[in-house]
Structure formats: structure tokens, C-alpha cells
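Me: Could you walk me through this one with me looking at it alongside you?
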Amino acid sequence: MQKACDFAACNHCGSPDTCRLNELGIGCRGSVFAVGGDPDVRRRLLEMGFCNGASVEVIRRAPLGDPIEFRLRGYHLSLREEQARHVEIVRS
């Protein structure tokens with residue numbers, strides 16, 4: 001399979017066009033393509049700034065992999081992997 005980005009630490013080996021936010025490695029970035037999930041989760045993610053076209057970057061992961069810290073719209077936030085899988089991005 002083809003890697004989703006050229007960043008050496010990226011561990012995502014799916015479609016190079018889009019992938020889930022929880023699949024990206026540290027340092028990978030992209031733009032939000034779609035936000036899914038049940039209505040409450042989707043609303044919460046949209047309120048946090050995960051709107052279409054927003055730039056997002058993976059900063060780091062906790063030692064056991066959950067939660068994940070992201071840079072979004074000039075601030076840092078952490079999401080559980082379960083929440084991050086509802087955000088689909090296009091690599092940049």
C-alpha cells in the first residue's frame with residue numbers, strides 16, 4: 001500500500017487522498033474533509049473547530065497512544081482516539 005504522506009514517522013498506509021485523523025503519525029498534517037459520528041459527537045467536534053478546510057496537525061500521542069494532541073486553528077487540543085476517528089482529512 002501507499003503511504004498517506006511523505007513524513008517518515010507517519011504510520012498510515014491507506015489511501016493517499018483521505019484518511020481518519022486517528023490514523024496519522026506524529027508530525028503529519030492535513031485539512032479537514034468531513035466530520036461524522038452521531039449528532040452529539042459531530043456537533044462537539046464542529047464546535048471545537050473541526051470544520052471543512054481547517055488545517056490540523058498531530059503534535060504527539062500519550063505514552064499508551066490515547067489521547068492524541070492536535071494543533072488546530074492556533075491552539076492545541078487533545079482527543080481520544082475514538083473521537084478522532086470521526087474526522088476525515090485530506091493530507092497536505
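Predicted model: local features only at pLDDT ≥ 70, side-chain atom pairs only at ≥ 80, totals over all residues.

Me: Ok, where does Asn 22 sit?
Reply: Asn 22 lies in the loop that runs between β1 (18-20) and β2 (29-35).

Me: And is Asn 22 buried or exposed?
Reply: Asn 22 counts as buried, because its relative accessible area is 11%, and the cut-off for buried is under 20%.

Me: What does Asn 22 touch, leaving out residues up to four places away in sequence?
Reply: With those set aside, Asn 22 touches Arg 61, Ile 68, Glu 81, Ala 84 and Arg 85; with Glu 81 there is also a polar contact between the two side chains, at 3.4 Å.

Me: Switching to strand β4, how many of its five residues are buried?
Reply: Four of the five residues in β4 (residues 68-72) are buried, so the strand is largely enclosed by the rest of the structure.

Me: How is β4 joined to β3?
Reply: Strand β3 (residues 55-61) runs antiparallel to β4 and is joined to it by five bridges, with Val 56 having Leu 72 as its bridge partner in β4. The hairpin of these two strands has six residues between them, and Gly 65 there takes a positive phi near 95°.

Me: What about β4 and β5?
Reply: Five bridges join β4 to β5 (residues 75-79), again in an antiparallel arrangement, and Leu 72 stands opposite Tyr 75 of β5. Two residues lie between the strands of this hairpin, where Arg 73 in the turn has a positive phi of about 55°.

Definitions and conventions: Residues numbered from 1 in each chain as written. Heavy atoms only, no water. Buried < 20%, exposed > 50% of the residue type's maximum accessible area, 1.4 Å probe, protein only. Polar contact = N/O pair within 3.5 Å; in protein donor to acceptor, adjacent residues only side chain to side chain. Contact = heavy atoms within 4.5 Å. Pairing = 2+ DSSP bridges.
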